[in-house]
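I opened the model to look up strand pairing, a helix pair and the ligand site. My entries follow in that order.

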Amino acid sequence: MENVTITPIVKWAGGKRQLLPIIKPMLPDGYNRYYEPFFGGGALFFDLKPKKAVINDCNPFLMNMYLQVQNNAEDVMNNLQDMEGKYNHFTTDKEKTDYYLTMRRAFNNCIDHKEYSVYSASLLIFLNKAGFNGLYRVNANGQYNVPTAHRKELHLYDRNNIVGVSKVLKKAKILTGDYKIACKSAKENDFVFFDSPYYDTFDTYQAGGFTKSNHKELYCLYDELNDKGVKIMLTNNDCEFIKDLYGKYKIKSVQVKRMINCDSKNRKGKEVIITNY
Ligand SMILES: C[S@@+](CC[C@H](N)C(=O)[O-])C[C@H]1O[C@@H](n2cnc3c(N)ncnc32)[C@H](O)[C@@H]1O
């Protein structure tokens with residue numbers, strides 16, 4: 001399993017895939033349990049395939065999707081095969097768009113009824129692949145409102161990848177909620193990777209965004225975990241506020257290309273990787 005390459009099931013805003021070549025040489029030499037409390041697409045987790053892990057995100061439909069892939073991977077793949085077949089069978093853009101909108105309504109119905117099922121997990125993957133730029137965005141009423149990407153053809157999953165992902169997820173405790181609660185059990189020699197929504201960027205993840213005071217709270221937790229002997233890596237924007245806040249830790253600046261950003265001028269930027277070891 002260690003040698004098999006697996007990749008994230010969904011594309012996620014702020015996904016760390018392109019930063020992996022920089023992040024991986026900066027990981028601690030050894031650690032016990034792996035924690036990723038702002039999981040999103042989980043690019044680092046799937047690359048590392050840790051033997052013991054706690055993963056968490058505040059998006060309950062995202063974490064339900066991982067739970068379903070952990071426990072009911074075959075059922076998820078059956079649904080995806082069905083959705084992919086139907087979408088690809090349509091010949092006109094109008095038919096494909098109508099099908100996308102029907103699936104989006106079905107997902108919104110799951111949101112309304114808090115339906116955490118194999119079906120809502122499959123719909124989330126479908127919408128992520130067929131929708132614009134792999135965004136997860138809801139309106140003020142909590143309704144998912146990402147438009148279709150007008151793809152001619154969809155390839156929703158790769159069997160070997162889902163099987164590999166399911167195996168790795170079986171070694172993880174999957175939580176849904178606030179990052180602080182998810183980190184409560186972290187102990188000396190565990191490793192926590194914090195990839196929160198960045199400071200001062202348009203935040204599509206949750207109503208209210210991740211504010212300056214949220215970043216200060218996150219810093220307090222970083223400090224607390226540091227005192228417990230936990231190894232910590234955190235990524236954020238390269239800006240004075242963040243560099244001042246984490247001034248006593250090791251800060252490395254890196255140049256990145258940003259994939260999900262409407263304004264093409266802002267697709268390049270500098271980020272920081274902050275470690276306590
Ligand atoms: C930058 S993304 C993580 C990207 C991820 N590392 C990847 O590779 O795809 C940040 C994630 O934090 C989640 N989030 C935002 N506020 C949160 C909170 N208070 N507690 C837990 N998760 C939160 C969002 O739902 C989002 O998925």
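Predicted model: local features only at pLDDT ≥ 70, side-chain atom pairs only at ≥ 80, totals over all residues.

Residues are numbered from 1 along each chain as its sequence is written.

Strands. I looked up β1 (residues 34–36) and found it parallel to β4, joined by 2 bridges. Two strands pair if DSSP finds at least two bridges between them; strands are DSSP runs of E, at least two residues, and helices are runs of H or I, at least four, numbered from the N terminus. β4 also pairs with β5 (residues 231–237), in the parallel sense, over 4 bridges. There I found Phe191 opposite Lys231 of β5.

Side chains of β4. In β4 (residues 191–194), Phe191 and Phe193 point one way, Val192 and Phe194 the other, and all are buried (20 or more other C-beta atoms within 10 Å of their own, C-beta atoms being placed from the backbone).

Helices. I checked α5 (residues 93–112) against α6 (residues 118–130): they pack at about 135°, axes 10 Å apart. Axes are lines fitted to C-alpha atoms over the stretch in contact, and angles run from 0 to 180 degrees between N-to-C directions.

Ligand. I listed 22 residues around the ligand; Gly14, Phe38, Gly40, Gly41 and Ala43 come nearest (near: C-beta atom, placed from the backbone, within 6 Å).

Notes. Buried ≥ 20, exposed ≤ 12 C-beta atoms within 10 Å, placed from the backbone.
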